[in-house]
Protein chains: 2
Amino acid sequence: MFFEGSEKRVEVRVSASTGSLRLLDDRFWADVVVSAKAEILSKMSNEFCDAYLLSESCLFVWDDKLLMLTCGNTTLVDAVILCVDKLGQSAIASVSYQRKSEYLSHLQTSSFSDDLLPLRTKLSGVAYRVGHLDTHHHYLFASDTTCPVLEPKTNSELLMYHIKGAVADYLRSDKQSCEGIRHMLGLEVLFPNFTFDDHLFAPFGYSINGLWEDKYMTIHITPQEQSSYVSIETNLHSELIVFNIFSILLNKLNPQSWDVISFNREVVTDGFPPHFSVASCILPINDNDTIQFNQYQQLKNEVLLPELL
Amino acid sequence: MFFEGSEKRVEVRVSASTGSLRLLDDRFWADVVVSAKAEILSKMSNEFCDAYLLSESCLFVWDDKLLMLTCGNTTLVDAVILCVDKLGQSAIASVSYQRKSEYLSHLQTSSFSDDLLPLRTKLSGVAYRVGHLDTHHHYLFASDTTCPVLEPKTNSELLMYHIKGAVADYLRSDKQSCEGIRHMLGLEVLFPNFTFDDHLFAPFGYSINGLWEDKYMTIHITPQEQSSYVSIETNLHSELIVFNIFSILLNKLNPQSWDVISFNREVVTDGFPPHFSVASCILPINDNDTIQFNQYQQLKNEVLLPELL
């Protein structure tokens, strides 16, 4: 029943002289996704973006940027290399490649160190690990950017570990539905005006993409009791909106611990459940971009239930 | 510079009708140690016990019991199987096999699940994981005991992660010596009457065994900056003595987080540095033995230093 929910994440920006990524055909994106060992389940589009729901997470394509998240035992680095090769190195303005700490890293096809080898044959850049190896940590490779005047991106990720309570129970039940999950999480209320595309996996697991103008949101839920993990990412631009959404989801999903990763944005913790702020890091990665990492934990002793093996 | 400090641990008791384990010759123990991919560095003995210092941790042999800890990428399970085969299954009264969560589990030769396969071909028993996969956790296999009236063992382990401060700096310096480490940790004061056998590894790393009558102590230090780990284990019998020793070492080594694993013994936290008690578990594993797991963390936000890769 184990499923690795933790995602690998890549964001690729292309230079201004490159044609729109959205003009590339479906075959192109299907090849990219397959190279990561995932597949496209569905697609929705608006004026700004094509959003693909994948068998393992999601792919968003804007004119000048792509964002791809893959969980499970996928090989996202292969998709990055394929993109760079197909688009040509001169078309690449920047690449940001991340991995979160995995529940069972020894079951992965590659480690982050392994992934760095092919990345560094194609791109120069810096790589970091933030956070200790014995608890939540994040790996980041940031290529040297060739376009210094790139508009800074602002987006935030909330990663939740070990969800509990009524909503968590529902997500593990055989009574759940896409409509039911959207309703329990209040997604139509939290993301008004967004158009959604979601999918319920068997026996459980849930993914949703949302688009509203140039804004996106994506949520991926791995509810398995011993290794539950929920991620949400969005580029909604107001701190107050984003962290209010995060607070509401934290209170609904009641995770034992959670991390916030934030690009060029202050973290606001108002409304977060009672917590202990375990660790934090402010990491400038180039002239434009600063990432903040924050780890939180519920402020009460957890009585651990031994798992019989 | 990475070294996996986290230990695998086995305790084997033999039945009353089996001859003393101490009568087995040096060849026997050398074979056992080599099968785990370690080697014997030195040996000391008293009336009760032979204590071997290993290239990766330690081995203690009493008349009716052996205790072996191995760190790094050792294959302790192979030593367990060799012992069971050499001694004969009928000689085995009980086996308790543990692994702690590793810093880089994907670099290990086997996972705990892998280890269970050979163990279960030789021994019936129960296996547990205590603690979440994304943070400190402990695996335990406990064989069904064939001797219900075994005297309950009482011992305690303190595992420290990410040590900081003057003593930690000394342990990473080229000025350290065995005598200097014993003095800085105050081991002669904390363990009066004990005879010690210790070893300093190059470029750093330190192991010490201590014996006093039927009591033992063993400390293993992996001071490497990004993955420091210190373990201490002893069967000193008074809670007050043990946890006072643990408190003093915690204050000297100043770890970011620590775990206490205790067999048939209450944990006393008096004198521990200011901490948040993250999680706990009381696990009865048979009629005689109850293990307590406790995880602690320093009660202040840690500013993480990114590691350049």
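Hi everyone! Let me start with a term: a polar contact is a pair of N or O atoms within 3.5 Å, where, within protein, one must be able to donate a hydrogen and the other to accept it, and residues adjacent in sequence count only if both atoms are side-chain atoms. What we have here is a predicted model, in which local features need pLDDT of at least 70 and side-chain atom pairs count only at pLDDT 80 or more, while totals for chains, interfaces and linings use all residues. Residues are numbered from 1 along each chain as its sequence is written, chains are lettered from A in the order in which they are written, and side-chain values use heavy atoms, with hydrogens and water left out.

So, how many residue pairs are in polar contact between chain A and chain B? The count is 27, with both residues at pLDDT 80 or more. On the side of chain A that touches chain B, β15(A) gives the most, with seven residues (strands being DSSP runs of E, at least two residues, numbered from the N terminus).

Now the whole interface. Here 45 residues of chain A are in contact with 45 residues of chain B, contact meaning heavy atoms within 4.5 Å.

Next, charges. The rule finds two salt bridges across the interface, each a side-chain nitrogen of Lys or Arg within 4 Å of a carboxyl oxygen of Asp or Glu. In one salt bridge, B:Arg129 meets A:Glu307 at 2.7 Å, N to O.

Finally, strands can pair across chains, if DSSP finds at least two bridges between them. β17(A) runs parallel to β15 of chain B, residues 275-284, and two bridges join them. Look for A:Glu302, whose bridge partner in β15(B) is B:Ala279.

How values were computed. Helices (H or I, at least four residues) and strands (E, at least two) are DSSP runs, numbered from the N terminus.
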